[in-house]
Amino acid sequence: MGILSHVLILHLLRAALVFCQYEDYDFEDEYGGEPDHQLPYYFNPNARAEVPHFPFPVECAKECFCPPAFPLSMYCDHRKLKTIPNIPSHVQQLYLQNNNIEAVPTGPFTNVTFIREINLSYNNIKFHMIDHGVFAKLSHIVQLHLQHNELEEFPFPLPSSLERLLLGFNKISRLPGNALEGLPNMTTLDLCSNLLDDSAFKDKPFSNMKNLMQLNLCNNKLQTMPPDLPPSIRHLSLENNSISHIPENYFHRLPHIIALRMSHNNLQNIPHNTFNLPNLLELNLGHNKLKQVFYIPRSLQHLYIEDNEIENINVTVMCPTLDPLNIKQLTYIRVDQNKLTSPISTYAFFCFPLIRTIYYGEQNVTVSRPSQLRTPVFRRFLTPEEFQEAEDNHETLNQETEEDHEAEDSYFRPYYH
């Protein structure tokens, strides 16, 4: 009876260690500094694969490190590896980032059964050096990191279990029609900083991804909005492209969208009700060519329209009616580097009673049209603590460079809980 009790306790401790490891792991750490209110990604402990039975000490590749506290993980990162070592069958998290790996052969994965995450980012992997079907055989994997490699094509086939796929900073220029088929569990797809243009979406590759919530297409060569996105989309990143137009009813298919980032494009005119979306919290249209404002939905909290060509902010267009029972949630507007010569009308405070900050910054006005703006930042209803925090944030903003802003915008991350 005593032996059985000890065995039971050992299994409970092992399960607790695995759960704690998932809780501690934050995928976004890969990208460096994060904005406040970052929503972390956690594994769902109820969905993970069954923990295999194995004696201690666990097997580990000689090139790698397997910490006793996390017996299901194998760390092989930053070791100048040129090949993937053999992977023990019990490993669930494999970290191979920041090496000199060029190929992904089937051999090292022969005995892998329970693996759930593979990080192969920051290597030199090319598409033709990935053995066909090597990833598709990993039936429990949920996260695959392949950003910062040399991939020229989308790495398919992939397993149906996959939930998060990161392919940013590669050389992918096309998406075959069947590349994204059979991925019903995919929630996050990152294709930022590749070579995708409008022709890559002629087969409507995203239309059947019914659970896709975050799609990153920033830093590509798009001139039009990607067609037939699934209604499940919550976060859409399209910044740093060449998009000049948003079709009038484009977002009717995307009623659940929370955050939209389209800074650094060529937008000139926005149809009036384009963003009449019930759940939109963040809208970033900075660094475009907009001349007019547009309707602001009730849910929107943060609006970024800096570095455009706006001469006057027509509050009536943004807020055509007042509804005391459904007040608008806007709290922050950034309008610097436009052509404003006078402050926003005080009528804005009736339409948007929750506004805390309007960041005017400096405006691009000529000598013949002098500006009447007396302060770069307007704030109201701030507690002393909030005022000090805003002052600190403003000082930080004044110290940033344009490169800082581009680095901050380079990846799409949800800001809200």
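F294 counts as buried, because its relative accessibility is 2%, and buried means under 20% relative accessible area. The structure described here is a predicted model. F275 is also buried, with a relative accessible area of 0%.

These two residues belong to a wider set of ring contacts. Rings of Phe, Tyr and Trp pair if their centres lie within 6.5 Å, and by this rule the count comes to six aromatic pairs. One of them joins Y250 and F251: the ring centres are 5.0 Å apart and the planes stand at 85 degrees, so this pair is edge-to-face. Y250 and F251 are both buried. F275 and F294 form another aromatic pair, likewise edge-to-face, with 5.3 Å from centre to centre and 65 degrees between the planes.

Where do F275 and F294 lie in the chain? F275 is in the loop between β9 (259-261) and β10 (282-284), whereas F294 is in the loop between β10 and β11 (302-304), so their pair ties together parts that are 19 residues apart in sequence.

The two pairs are set out below.

| Pair | Centre to centre | Angle between planes | Arrangement |
|---|---|---|---|
| Y250 and F251 | 5.0 Å | 85 degrees | edge-to-face |
| F275 and F294 | 5.3 Å | 65 degrees | edge-to-face |

Through ring pairs, Y250, F251, F275 and F294 are linked into a cluster.

A separate stretch of the chain carries an annotation. In the model, the span of residues 59-93 is 0% helix and 11% strand, and its end C-alpha atoms lie 14 Å apart.

Note on methods. Residues are numbered from 1 along each chain as its sequence is written. This is a predicted model: local features need pLDDT of at least 70, side-chain atom pairs count only at pLDDT 80 or more; totals for chains, interfaces and linings use all residues. Side-chain values use heavy atoms; hydrogens and water are left out. Rings of Phe, Tyr and Trp (its six-membered ring) pair if their centres lie within 6.5 Å; planes under 30 degrees apart count as stacked, over 60 as edge-to-face and the rest as tilted. Buried means under 20% relative accessible area, exposed over 50%, partly exposed in between (1.4 Å probe, protein chains only). Helices (H or I, at least four residues) and strands (E, at least two) are DSSP runs, numbered from the N terminus.
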